[in-house]
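Dear colleague,

Please find below the structure that I am handing over to you. My findings follow it.

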Amino acid sequence: MTAYEAKAEAQRIAFAPIMFQACRVLRETGILELVQKSGATGISMVEVGSKIELPHYGIKVLMESGLGIGLFCVNDDRFTLTKLGYFILRDPMTRVNMDVMHEVCYRGFFHLDQAVKEGKPAGLKTLGNWRTFYEGLSSLSPTARDSWLAFDHYYSDMAFPAVLPLVFADPPKRLLDVGGNTGKWAVQCAKFDPDVHITIADLPQQLQLARETIRQNGLEERVSLLPLDLLDESKPFPEGYDAIWMSQLLDCFSTKQIVSILRRVACAMDAKSVLYILELFWDRQPNETAAFCLQQTSLYFTCIANGNSQMYHSADLLQCLTESGFRVLEERDHIGQYHTLLKCAINHK
C-alpha cells in the first residue's frame, strides 16, 4: 500500500461497525435486492421508496452509505449494484459469516479488551450466564442458535462428503464421534456404511440437539449418545472403538486442554485404533481471504466462546499431538477447500 491507501483503509476500519450494520440492513430491508433487479437501468431512491416501507430519510442515508462502502454505483440519480453489493446479497459464505457476527458476536465484542486481559469470554454475558458458549447453545434464541449452526455447518458440510471415503477406506465397526454437535456427521456415517455403530460423546445440552437429528433419521439403534464433559479430567474416554473422530472440535480448547483431552483419548485407544482430526488451520488455506476469516474467528473464541482457544496454526496442534503420545500417519489439506484431515495413532504403549 501507499501511505494514502493505508490511511484510507484505516478509515474503513474506523467506521467498520457502521459499515457492517449498513450492509446488513440494506440486505435485510430488501434494498439490495431491488437494486440488483433493476439491472443496468438502475433505480432511484424515490422508486425504492415506493416499494420499501421505510421513510425517505432512512432510505437516503442507507443508500448513500452503501455508495461510500462500494455496494452501489450511481449515474443520473439511478443506483446500480456493484460486484461487492452482489456478494453481500448473494454469497452464502458472506451471509453465514455476517449473520453469526450480528446475532452472536456483535454486542459481546464491546468487551474484547476485558476478554484478552482476563482470558475469559467477557462478551458471553450478552447472550446468557454460562461458563462457555457451548453450554448455552441449546438455550439461545432461535435466531441466534440458527445463525451459529448455519455458520458451523456451512464449513463442515463442504468437507464431510470428501472425507467419508477416507475414514471408511478401512471401515470401522465402532466409531466414537467426540463433540458430535447436532449429529450430522453421525448420520452421514450411518448412511455411508450400514454396518457401523456410532457413539456421539458431547455435553448433555448438546446431545439434546443430536437426539432429535438421530430420531428424525430413524437411526436410534445404530447411534448412541454418551454425556461427556471434555474439561472434566476425572472422566476417562470410553474404550473399544476402532476410530475416534473430532471435527472442528479441538479449536474450542486451549493447548493445555487439548493435551489433556488427547492424553485421555490415547489411554482409551489400542495399537489398531485410529484418531481422525478434521480442522481448519489458518496457515494451510488456499488464499489470504480464507486465512483472514480464520484469524478473525479466533477472537470469537476469545470474547464469546471460552476465552482461551482459537483457530490454530497447524504447528500448534501437531505439537499437542506429539506431547500427548500420538504420531501422525497422514495429513491431507484442502478437503472441501479449507479443512485438513489428520490421521493419527498412538505411540506404542
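**Findings**

Asparagine 181 is buried, with a relative accessible area of 12%, which lies under the 20% cut-off. The model in which this value was computed is a predicted one. Asparagine 181 belongs to the loop that joins strand 3 (174-178) to helix 11 (184-192). Its phi is near 60 degrees, a positive value in a residue other than glycine.

Although histidine 334 is not a glycine, its phi is positive, at about 60 degrees. This residue is part of strand 8 (residues 326-335), and with a relative accessibility of 45% histidine 334 counts as partly exposed.

I turn next to the packing of two helices. The axes of helix 13 (residues 255-268) and helix 15 (residues 314-323) come within 9 Å of each other, with a crossing angle of roughly 40 degrees. Helix 13 and helix 15 are therefore oblique to each other, and their crossing is right-handed. On the side of helix 13, the contact is formed by Thr255, Ile258, Val259, Leu262 and Arg263; helix 15 contributes Leu317, Cys320, Leu321 and Glu323. By class, the residues of this contact comprise six nonpolar, one polar and two charged.

In soluble globular proteins, nonpolar side chains tend to be buried together. The largest nonpolar core here has 61 residues, and the members that touch the most others are Phe133, Leu275, Tyr300 and Phe326. Apart from this core lies another, of 27 residues, which includes Val163, Cys189, Ala243 and Val274.

Which residues is leucine 275 in contact with, leaving aside its neighbours within four places in sequence? They are Ile244, Met246, Leu262, Val265, Met269, Leu321, Phe326, Leu342, Lys343 and Cys344. Among these partners of leucine 275 are Leu262 and Leu321, both of which also take part in the contact between helix 13 and helix 15.

Finally, leucine 166 lies in helix 10 (residues 142-167). Leucine 166 is partly exposed, with a relative accessible area of 26%. Setting aside neighbours within four places in sequence, leucine 166 is in contact with Tyr276, Arg332, Ile335 and Leu341. Cysteine 267 is 101 residues from leucine 166 along the chain, and the C-alpha atoms of the two are separated by 24 Å.

With kind regards

Key. Residues are numbered from 1 along each chain as its sequence is written. This is a predicted model: local features need pLDDT of at least 70, side-chain atom pairs count only at pLDDT 80 or more; totals for chains, interfaces and linings use all residues. Side-chain values use heavy atoms; hydrogens and water are left out. Axes are lines fitted to C-alpha atoms, for helices over the stretch in contact, and angles run from 0 to 180 degrees between N-to-C directions. Helices (H or I, at least four residues) and strands (E, at least two) are DSSP runs, numbered from the N terminus. Angles under 35 degrees count as roughly parallel, over 145 as roughly antiparallel, 65 to 115 as roughly perpendicular and the rest as oblique. A crossing is left-handed if the near helix is turned anticlockwise from the far one by less than a right angle, and right-handed if clockwise. Contact means heavy atoms within 4.5 Å. Ala, Val, Leu, Ile, Met, Phe, Trp, Tyr, Cys and Pro count as nonpolar, Asp, Glu, Lys and Arg as charged, and the others, Gly among them, as polar. A nonpolar core is a set of buried Ala, Val, Leu, Ile, Met, Phe, Trp, Tyr and Cys residues joined through side-chain atoms within 4.5 Å. Buried means under 20% relative accessible area, exposed over 50%, partly exposed in between (1.4 Å probe, protein chains only).
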